[in-house]
Amino acid sequence: MPLLRDDIERAFAGARVTAASTLRSRLRGLTAHSPYDWRRIGRLVSAAARAGRQQDCGADKLGIDRRTYRHWLRTLLSVTPAEFEGRLGWEWVLERALQVSLLRARDRG
């Protein structure tokens with residue numbers, strides 16, 4: 001499986017990125033997630049960072065219903081609630097979201 005770093009380096013093609021808008025436009029073409037999806041991922045990351053354990057950041061802590069929670073996890077991270085709640089930390093959430101998005105973009109393109 002290709003490394004995330006390789007995909008990002010290919011997307012930037014060695015160019016130096018200084019403006020936030022340039023970074024956004026390059027990432028937009030690289031990933032399949034929409035800006036709205038990234039906001040939802042941000043909520044998952046934030047909840048995971050605040051919680052000592054993922055079990056502490058379920059649907060109730062996010063202020064969403066359980067069905068929406070399961071949908072977010074399935075579509076954005078390709079994990080079940082049990083898988084999400086069984087892990088510690090927040091870093092893996094962001095990494096997994098990038099992996100899922102890159103794979104979907106690759107499948108589309």
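The model is predicted. Helix H5 runs over residues 66-77, and its buried residues pack against four other helices: H3, H4, H6 and H7. The structure holds two salt bridges; one joins arginine 40 to aspartate 37, and the other joins arginine 66 to aspartate 60.

**Length and ends of helix H5**

- Helix H5 has twelve residues, and at 1.5 Å a residue they should span 16 Å.
- At the start of H5, aspartate 65 places a side-chain oxygen within 3.0 Å of the backbone nitrogen of arginine 67.
- After H5 comes serine 78, which has a positive phi, near 55°.

- The buried residues of H5 are Tyr69, Trp72, Leu73, Leu76 and Leu77.
- Seen down the helix axis, these buried residues fall within an arc of 100°, so they line one face of H5.
- Arg67 and Arg74 are exposed and sit on the face of H5 turned away from the buried side.
- The partners against which the buried residues of H5 pack are helix H3 (35-50), helix H4 (59-62), helix H6 (81-85) and helix H7 (91-108).

- Aspartate 37 is found in helix H3, one of the helices packed against by the buried residues of H5.
- Aspartate 37 has a relative accessibility of 15%, and because buried means under 20%, aspartate 37 counts as buried.
- Arginine 40 is buried as well as aspartate 37.
- In the salt bridge between arginine 40 and aspartate 37, the closest N and O atoms are 2.3 Å apart.
- The side chains of aspartate 37 and arginine 40 are also joined by a polar contact of 2.3 Å.
- Arginine 40 and aspartate 37 are three residues apart in helix H3, so about one helical turn separates them.

- The side chains of arginine 66 and aspartate 60 meet in a salt bridge with an N to O distance of 3.5 Å.
- Arginine 66 has a relative accessibility of 53%, and because exposed means over 50%, arginine 66 counts as exposed.
- Aspartate 60, at 60% relative accessibility, likewise counts as exposed.

Definitions and conventions:
Residues are numbered from 1 along each chain as its sequence is written. This is a predicted model: local features need pLDDT of at least 70, side-chain atom pairs count only at pLDDT 80 or more; totals for chains, interfaces and linings use all residues. Side-chain values use heavy atoms; hydrogens and water are left out. Helices (H or I, at least four residues) and strands (E, at least two) are DSSP runs, numbered from the N terminus. The expected span of a helix is 1.5 Å times one less than its number of residues. Buried means under 20% relative accessible area, exposed over 50%, partly exposed in between (1.4 Å probe, protein chains only). The arc is that of the directions from the helix axis to the C-beta atoms. Contact means heavy atoms within 4.5 Å. A polar contact is a pair of N or O atoms within 3.5 Å; within protein, one must be able to donate a hydrogen and the other to accept it, and residues adjacent in sequence count only if both atoms are side-chain atoms. A salt bridge is a side-chain nitrogen of Lys or Arg within 4 Å of a carboxyl oxygen of Asp or Glu.
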